[in-house]
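Thanks for opening this one with me. Here are a few notes to read alongside the model, in the form of numbered points.

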Amino acid sequence: MTHKISAKDVSVFYGAKQAIDHVSIDVDQDNVVAFIGPSGCGKSTFLRTLNRMNDTVASARVTGEILLDGEDIYAPSMDVVQLRARVGMVFQKPNPFPKSIYENVAYGPRIHGLATARADLDLMVEQSLRRAGLWDEVKDRLSDSGTALSGGQQQRLCIARAIAVDPEVILMDEPCSALDPIATAKIEELIHGLKGRYAIVIVTHNMQQAARVSQQTAFFHLGQLVEFGRTGDIFTNPREERTRDYITGRYG
Amino acid sequence: MNRTRQPTDWKGAAFRRRTRRRYAAERRFRLLGLAAVWLSAGFLAFLLASMLWQGASGFRQTRVALPIDLAAARLAVTPAQLRGRGADLALAGAGLEGVVDRAATQAYGGAGTDLLSDGAWLVVRDAIKRDPAMLDRRVTIAVPVDSALDVAAKHDGNPQAEATIARLTAQGVLTTGWNLGFLTAADSTDPTRVGIWGAFKGSLLTMAVTIGLAFPIGVLAALYLEEYAPRNRWTDLIEVSINNLAAVPSIIFGLLGLAVFLGTFHLPRSAPLVGGLTLALMTMPVIVIAGRNAIKAVPPSIRDAALAVGASPVQVVFDHVLPLALPGILTGTIIGMARALGETAPLLMIGMRAFIAAPPSRLTDPATVLPVQIFLWSDDVDRGFVEKTSAAIIVLLVFLLAMNGLAIYLRNRFETRW
Amino acid sequence: MVDHTVKAFDADIGQLRGMISQMGGLAEDAIALAMQALQRPDPALAARVRADDKAIDAIESEVERLAVRIIALRAPMAVDLREVVAALKIAAVVERIGDYAKNIAKRVPMIDGEHRIEPISLLPSMARMASDMVRAALDAFAARDPEAAMRVVESDAALDDFYDSIFRTLVTYMVENPRTISQVAHLLFVAKNLERIGDHATNVAEMVYFAATGTQMADRDRGGATSEDER
């Protein structure tokens, strides 16, 4: 079985400073992988290499190979725009467009040409909002501004927006950091529901969250991938001492 | 050694004094701010009041009643001619002007023609065109008086004219009315016939050229510099250059216009096209600077969100960045346009200072603009032009307000929509 | 192992382990005193042993309470989690060891008779062996030593063999001295209790091994055929 995403020996440099040191990891379809680690360990940086968001930083340089369904995403022949439609991203602070809720979700399909007729677009918007667990709350006010929603709703709107282009992978960069426990729980439940359709990679500094939502966990430390395994094993019997020290709260 | 701090006595005398001084400083600052606002408002009110005071009379004209026996004049025009387009020519050819002069002499004696403005017969002509049946009757039409008398009626004339006015007022033949011709006529040597329309149209055309060039070029330049250009020494140099361009005295742009547009490209002198080009050069840096700041202020999270959903760089810019930056860009445009509208020096240099009797109809026709017109009139010796200058200033201010109002409306519309 | 960054966590774990050690000590004493009461015989001592069992029960409730609090408030992971769960289970097991000691003490009045039963002299050494296993298991817990735990498990075989031979001796004695049957029957139960104490000590050792390594000990052979029949 081929892995959905296969990273081999990936290193990331910002100018002269090395942020990621020879990381190799595989992400499978229908799986949630959690990246955990202390601040500055590189988990967010590595996440952003998976959809080439690091391209926006002028001094960033990526070596190694990252394959999406076997294709190298850093090859010159890879269209970044299409890559980012196939690999969606949800950010730490909810960032809906300052447009209506409908427009937020419809924007992606529209620019990629996934739906042109109004009826098709309506269907896509409804489906995405349903999958994001937001439909019932907003179905009567689709023309309201997306920024008028609460924090948790905004984040679910961002997830709906990512889903609308029918991606294969969803990357989440600390999606619940800015949310209260109830909103967080709703999103964790949502992730559980999305797990079957998409490969999900979630970066979190909350270990309990990683333990709750993921099937596999990767522990990053100082730019290196220290340990990667089944979540249950990592949290009950990690192999590496650094992993054990981090998850038991022995930071030294 | 005991290094523990003593608990702070917030209620003690020293702290109470500090608090009082702090409150006093805050109060002082507020009052200063308020005083500054009142002072600025005061200056503005003073300016507006003095303009209105001086210019209001420019919109009114003194008229004298002139009895004409058109039936006896027997003008050689047919009703058919009067309805057609050649009416003006026909009436002129039929000697209407002479008829009016004779009627004046008849009514007011030998100096009767001196009482009337040179354009009085035009008023009669327009009345006949409106009501051709007049030709068979004798009518009394209120026609504009001569400039000297008009000035005297507004209490600014020489003693002789004042005496004439007094006499005519006693006869009960004087009326005052709205001088709508001021808004529809072009420049003239006669203050009673002068109008602002020529300069107004010139300003409109010039502004159109200016906005049409400066806005797209400025906005696109700002977008490129902010979104696409790499950050290196060359772009820093460009940024410094543009900032400095915005501070260059406007007359230098006039020199540039003279040398390049007129000298090298041999474009027609005094045309709104050249004026617009020159002003566009002057306005563009302002728009670029305002545009760059507005674009810089768009939060990067919006760009990230758009990129993450698979938008191309062009889509990110036009679907997300530009709409959010538009209020700021429009503000910069307002500032630039207001400055351009009031510019006189560069336009003088490229020749928009001549006496233009007919309003421009094309971008390449010779024209003048409102500020230059005001300058030219203020220079004229004839007393009648004093009030007209102030009246023109009022028109300029109204134009400015309308333009700003439009831009503010557009800005608010874009702001609330998003 | 490095200390927790949050020192109170270490304090809680330390308190938990301290209570387990305390329980273990009390259980070992109970076994020794119960055997002493049996040997002499000393009904007063036996009564004291039975009363002292309440102390062990009290500590077991404390351990339960503290373990649940640690899980709720500290969200222990990996080795900490395994230790807390092991402590919880070990407390229950040590409490049962205490109960067995109490049970032995309960039989002292039944054995107190005119005739002296000789095979009684076999029991103290078996009791010492069982008690040693309990101490070794608790030492392994204190030291977080999986090898020591494995040694405890291995020594259970010897205890089981000892039990088998005592069983045969007692049965032979009963056959030869039918009047002592009811008393010797109690001795049989005492021997059985000691064998069960040994089994519980191996349970403790298995949990110590799991807490230290995160894996289960390989399946061990649980004693001879006779013991199987008894179940």
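1. Among contacts in chain C between residues at least 6 apart in sequence, what percentage join residues at least 24 apart? The share is 83%, where two residues are in contact if their C-beta atoms, placed from the backbone, lie within 7 Å.

2. A word on what you are looking at: this is a predicted model, in which local features need pLDDT of at least 70, side-chain atom pairs count only at pLDDT 80 or more, and totals for chains, interfaces and linings use all residues. Residues are numbered from 1 along each chain as its sequence is written, while chains are lettered from A and ligands numbered from 1 in the order in which they are written.

3. Chain C has seven helices and zero strands (DSSP runs numbered from the N terminus: helices are H or I with at least four residues, strands E with at least two). Its radius of gyration, taken over C-alpha atoms, is 19 Å, close to the 17 Å from the globule rule for 231 residues, so chain C is as compact as a globular protein of that length. That rule is 2.2 Å times the number of residues to the power 0.38. The C-alpha trace of chain C spans about 65 × 35 × 25 Å along its principal axes.

4. Now look inside. Buried residues (20 or more other C-beta atoms within 10 Å of their own, C-beta atoms being placed from the backbone) make up 39% of the 231 residues in chain C.

5. How do the chains meet? Two pairs of chains are in contact, and chains A and B share the most contacts. On that interface, 22 residues of chain A are in contact with 14 residues of chain B. Helices H2 (80-86), H3 (101-112) and H6 (151-164) and strand S6 (87-90) of chain A each give two or more residues to the side that touches chain B.

6. The contact between chains A and C takes 13 residues from chain A and 15 residues from chain C. On the chain A side, H10(A) gives the most, with four residues. Chains B and C are joined by no contact, and their closest C-alpha atoms lie 27 Å apart.

Notes:
A residue is buried if 20 or more other C-beta atoms lie within 10 Å of its own, exposed if 12 or fewer, and partly exposed in between; C-beta atoms are placed from the backbone.
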